[in-house]
Amino acid sequence: MHTTYQLGIYALSGKRGLSLTEHIDLIKRVGFDGIFIDWNPTQTEAAANAAARNGLFLQSIHSPFSGDCSVSHLWREGEEGRAVAGKLIDCVKDCARFDIPVMVIHPFIGFKDHTPTEIGLDNYARVVEAAVQHNVKLAFENVEGEEYLASIMDRFHDCSHVGFCFDTGHEMCYNGSRDMMAKYGDRLLHTHLNDNLGQRGEEITWLDDLHLPMGDGVADWRHIMTRIRASGYRDILMCELNYSNKPNGHELDRYLQMEMEQFYAYALEAARRVTAL
């Protein structure tokens, strides 16, 4: 008999003009079991309260990774990297303050560089130290630049507070459909379930990272679920979906015709269908 999982979803704060707490209310109304949120230190308490009020499990915060908090700075000498590490530590503390067990981290951002550095690993060591101190798990995600994830998982291989966030769509469009679970499934802490149309050009590009509802792309969900079950992971499965098109893209047009509650309900039915495979 298949393992039955609880299901959660990323709260799409701001979409359709709705606040984060309004999104959380809708997510509960359609029947999800949990949520995760982006880190906004001015909204974490309100989100935690809304989740508790609705009986939803707030499993994780996704830490910032771009703009003035670009995690690419972590791998370079200089004050910018140290400042980004400080921001990630602040996010760890927010997780601990509101009993959020997991913080998701992009190890790197960018498609050109492929050379991890000791500087970067030392910066991440500061974040790991804070996570251990505050008893927060760090789930490093498979994104572009697999070398950076590999170096982190190797450096902190014996740390129980460091593990893996499996993004199903990234595996197809950023990782060339290489089996990320074969590498890190024994350290699985979190999931980002989503679909896309694979890598559609010769170059890896962020435009292929569509984050479609499960089953609306080309992912092999039976294979995905087989690997997740084989890992021994039994926690909630989280979906991470988009509600906006990429520049000049129209792949999400059909969803944009839906009201927000309808979209969440559609996403839940899709998730139930594929996770039962």
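A salt bridge is a side-chain nitrogen of Lys or Arg lying within 4 Å of a carboxyl oxygen of Asp or Glu. Side chains of opposite charge can pair when their charged atoms come close. A search of the whole structure finds 15 salt bridges. The structure is a predicted model, in which local features need pLDDT of at least 70 and side-chain atom pairs count only at pLDDT 80 or more, while totals for chains, interfaces and linings use all residues. Residues are numbered from 1 along each chain as its sequence is written, and side-chain values use heavy atoms, with hydrogens and water left out.

One of these pairs joins Arg227 and Glu171, at 2.9 Å from N to O. Arg227 belongs to helix H8 (residues 221-230) and Glu171 to helix H6 (residues 168-173), so the pair links distant parts of the chain, 56 residues apart. Helices (H or I, at least four residues) and strands (E, at least two) are DSSP runs, numbered from the N terminus. Both Arg227 and Glu171 are buried; buried means under 20% relative accessible area, exposed over 50%, and partly exposed in between (1.4 Å probe, protein chains only).

A further salt bridge connects Arg200 with Glu251, with their closest N and O atoms 2.8 Å apart. Arg200 sits in the loop between strand S7 (188-192) and H8, and Glu251 in the loop between strand S8 (237-239) and helix H9 (253-256), so this pair ties together parts that are 51 residues apart in sequence. Arg200 is partly exposed at 41%, and Glu251 is partly exposed at 27% relative accessibility. Elsewhere, Glu77, Glu79 and Arg82 are linked in a network of salt bridges.

Now to the nonpolar residues. A nonpolar core is a set of buried Ala, Val, Leu, Ile, Met, Phe, Trp, Tyr and Cys residues joined through side-chain atoms within 4.5 Å. The largest such core has 88 residues, and Phe32, Met103 and Val127 are among those with the most contacts inside it. Leaving aside neighbours within four places in sequence, Val127 is in contact (heavy atoms within 4.5 Å) with residues including Ala85, Leu88, Ile105 and Leu138.

What of the cysteines? A search of the whole structure finds 0 disulfides, a disulfide being a pair of cysteine sulfur atoms within 2.5 Å. The sulfur of Cys91 is 4.8 Å from the closest cysteine sulfur, in Cys95, which is too far for a bond. For Cys165, the closest cysteine sulfur is in Cys239, 12 Å away, and again too far. Cys91 is buried, at 0% relative accessibility, and Cys165 is buried, also with 0%.
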